[in-house]
Amino acid sequence: MAVPEAFESVVDHFFRHEYGRVTSFLSHRFGTTHLEQIEDAVQEALYKAMKAWAYGGLPDSPTAWIVKTAQNNLMDQVRRQQNFEAKHADEWVRMNETVMEAEDLDEELTDDTLRMMFACCHPSIRQDYQVLLTLKILCGLNNREVARALLKKEDTIAKGYTRARQQLREGNIELTVPLGAGLGERLDQVLKVLYLLFNEGYTASEGSDLVRLDLCAEAIRLSELILERP
């Protein structure tokens with residue numbers, strides 16, 4: 001059974017818009033030390049959604065569906081970890097297995113995206129890696145789009161992303177959200193990310209649309225959140 005082209009377009013739009021928000025939400029909830037596992041869990045959830053929604057239709061709350069499925073995937077990963085003591089894994093799972101109601105998710109996701117942007121701009125990470133991580137993980141841009149934004153080659157972005165994740169892992173860097181003056185120290189990098197995100201939306205490098213309103217709206221929304229917090 002062929003998947004309608006219109007459906008693929010809707011799903012692609014949703015995935016690109018929601019990937020970063022769901023990753024941010026789960027990272028805030030489960031801890032950024034599990035970032036790689038969370039990314040894998042969200043990607044697997046999106047793959048499952050593509051198959052399930054193509055034949056069963058869109059659920060009432062697609063975002064809640066993705067969050068719940070990704071969370072279940074993450075739980076399974078934790079249980080499978082050979083170096084994770086069973087009693088600790090079970091305790092961690094019990095602490096985090098409750099899924100928020102759909103109506104509560106949107107506000108939580110909104111706040112978590114901005115929190116994670118400041119977290120990804122950690123001073124222990126190279127500045128170019130800070131921007132790269134944020135654009136890919138939280139903004140949902142692919143390597144080609146990030147390369148255009150940063151005026152670099154696509155393979156350079158791919159290698160840089162691998163090195164950035166390696167730096168996080170080997171440096172045991174936890175992407176925590178700073179307080180007080182720490183927020184101000186990272187503000188310039190966050191604003192740079194928002195500028196690049198808006199720019200990609202205003203002059204889209206891919207697709208049939210010259211302007212990607214979803215990216216522009218997201219950049220504006222997050223900028224307004226910053227303005228609301230003195």
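Author: Happy to. The model is a predicted one, and its protein chain holds 10 helices and 0 strands. Read along the sequence, the pattern is α-α-α-α-α-α-α-α-α-α. Of the 230 residues in the chain, 47% are buried. Among contacts between residues at least 6 apart in sequence, 69% join residues at least 24 apart. The chain exposes about 12,500 Å², with carbon and sulfur atoms supplying 51% of that area.

Now to the core itself. The largest nonpolar core has 38 residues, and Met117, Leu135 and Leu175 are those with the most contacts inside it. Six helices each supply at least two of its residues: H5 (102-120), H6 (127-138), H7 (143-150), H8, H9 (181-202) and H10 (213-228). H6 gives the most, with 7 residues.

Next, the packing of the helices. Two packed helices are described by the angle between their axes and the distance between the axes. H6 and H8 pack at an angle of about 100°, their axes lying 10 Å apart. Angles of 65 to 115 degrees count as roughly perpendicular, and H6 and H8 are therefore roughly perpendicular to each other. On the H6 side the contact involves Tyr129, Leu132, Leu133, Lys136 and Ile137. These meet Ile157, Gly160, Tyr161, Arg163, Ala164, Arg165, Gln167 and Leu168 of H8. By class, the residues of the contact of H6 with H8 divide into 8 nonpolar, 2 polar and 3 charged.

H8 has another partner to look at. Helix H2 (residues 35-56) packs with H8 (residues 154-170) at an angle of about 130°, and their axes are 10 Å apart. That angle makes H2 oblique to H8. Here Leu35, Glu36 and Glu39 of H2 touch Tyr161, Arg165, Leu168 and Arg169 of H8. This contact of H2 with H8 has 3 nonpolar, no polar and 4 charged residues. If you click on Tyr161, Arg165 and Leu168, you will find them in the contact of H8 with H2 and also in the contact of H8 with H6.

Conventions
Residues numbered from 1 in each chain as written. Predicted model: local features only at pLDDT ≥ 70, side-chain atom pairs only at ≥ 80, totals over all residues. Heavy atoms only, no water. Axes fitted to C-alpha atoms, helices over the stretch in contact; angles between N-to-C directions. Helix = DSSP H or I, 4+ residues; strand = E, 2+ residues; numbered from the N terminus. Parallel < 35°, antiparallel > 145°, perpendicular 65-115°, else oblique. Contact = heavy atoms within 4.5 Å. Nonpolar A, V, L, I, M, F, W, Y, C, P; charged D, E, K, R; others polar. Buried < 20%, exposed > 50% of the residue type's maximum accessible area, 1.4 Å probe, protein only. Areas by Shrake-Rupley, 256 points an atom, 1.4 Å probe, with all protein chains shown as cover. Core = buried A, V, L, I, M, F, W, Y, C linked by side-chain atoms within 4.5 Å.
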